[in-house]
Amino acid sequence: MECKILKRAILCIGIFTLCLSPFSSRAQFLTLDSCLALARHNNVEIRTSQMEIDRAHAVKRQVFTKYFPQVNLSGIGYYSANPLVRFGIEDVQSNDMQSLLQDLYDMVSEESDIKNEVSLMKKGASGSVLAAQPLYAGGRIITGNKLANLGVEAAELQADMKMRDVIENIESSYYLVAGLQQKVATVTAALALIDSLDRVVQSALVNGLVTRADALQLQLKRNEMLANQQQLASGIRLSKRLLCCQIGIEYSDTLIFIDPVIYESCEAALDFQLSAQNAQSVRPETRLLQLGVEAEQLQRRLTLGETLPQLTLVGSAYYGNIIKNDPSANAVALLSLSVPLSSWWESSYKLKQHDIRIQEAQFKQDYYNHMMSLEEEKAYSDMLDAAMLMKSDSAAMEIARENYRLASLNYEAGVATLSEVLQAHTLLLQAQNAITDRHTTYVIARRRLMDLKNGVEGK
């Protein structure tokens, strides 16, 4: 019953705020869904995780290029002050041959301008292209691409986890603001009640029916409520600033957060919990742990590939005039086979290290799977406890409300003191705030379990 009264009060406040909105053109209304939508675009952690996905895709495309030939272009040109190669008649070692060549040169030189020496490589330029196509690299190219694909999947899973955590934090902050605003409504209603009692006490004080102490007790209660109101206002302001940081917008006093409906019956809460407990877990952490094992196995295959033969097809083409003045062209194709015999000894120890790392990854997988199961069980227990306590708190609030009603009637009949009324009112306020806290705790716990069970897609 009290929950319905609070909801009606909150609804009235919301309608009153909407009615005043034309007078404040700068007012901005945000719901929980709009905050989540803003966070998906503006939150720093979410944007960083998306950058990690882009980086993983870039690595994948980089590794994919290893399937294609590696082509290198090169060019060279030179000019020397003197020819790099000179050979004349005097350079002939045989004296007889040197004499014969000299006689021939003397006869020919009289009819032409032939020099008595040959010079080469004074200037020249050339260009070449080299292409190497790996035919077999010990399986390292295929393994490297598989490892890159795992990197992309791991980055996407981590982004899902980050999205889940950010959304969970935003929802917790939003429900915290909602709970504080509901407490403000409770305090506002309490101040209105104190004002009503004050009018009664002041009238009775004039007629001599009560003492000055009763009026002072009422004033003390009002000061206490005003202090609570100020504390709640400060808490709401800080909570809203935190929420604005999480969704990536500037804080403004004109921001108005629409309270979500967080109250529901205890029976519906318990029914939801039982169905949620039987849901199949699809947490990204489970797949991420499996990827850790697979990545270590692929790293071992890369190390093993270093010990296997390497077969490469190489093609080269050349065009230039490096040696002689007339340009020439040529092309060569060859098949290269490399067997790393001396690396077997070292690689055997590397493989043992990878075997140990694989075992470590498998141990971590089993351990964290059990821990995640325990975490889900704890989340379920927290939600179940909150749901059960909601029922207890509802009964306690009914008792506090009835106690306050009887105290008010007895005070009006003159058989109870104002202190008893104020004490009963204090217990009622405590019960109302306990209901607000319990429902907020339940909604957060339920959201936590849904996030663990179903991930971001479960929303």
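**View 1. The chain as a whole.** What you see is a prediction, so to speak: local features need pLDDT of at least 70, side-chain atom pairs count only at pLDDT 80 or more, and totals for chains, interfaces and linings use all residues. Residues are numbered from 1 along each chain as its sequence is written, and side-chain values use heavy atoms, with hydrogens and water left out. The chain has ten helices and eight strands (DSSP runs numbered from the N terminus: H or I of at least four residues for helices, E of at least two for strands). Of its 459 residues, 33% are buried, meaning under 20% relative accessible area with a 1.4 Å probe, protein chains only.

**View 2. A look at L298.** This residue sits in helix α8, residues 284–305. L298 has a relative accessible area of 7%, so it counts as buried. Leaving aside residues up to four places away in sequence, L298 touches T143, K146, L147 and L150 (a contact means heavy atoms within 4.5 Å). L147 is 151 residues away along the chain, yet the C-alpha atoms of L298 and L147 are 6.5 Å apart.

**View 3. Strand β7 and its partner β5.** Strands β5 (residues 123–136) and β7 (residues 310–320) run antiparallel, joined by ten bridges; two strands pair if DSSP finds at least two bridges between them. Here S126 faces G320 of β7.

**View 4. Strand β7 and its partner β8.** Eleven bridges link β7 with β8 (residues 328–338), again antiparallel. Look for V314, whose bridge partner in β8 is L334.

Terms used
Buried < 20%, exposed > 50% of the residue type's maximum accessible area, 1.4 Å probe, protein only.
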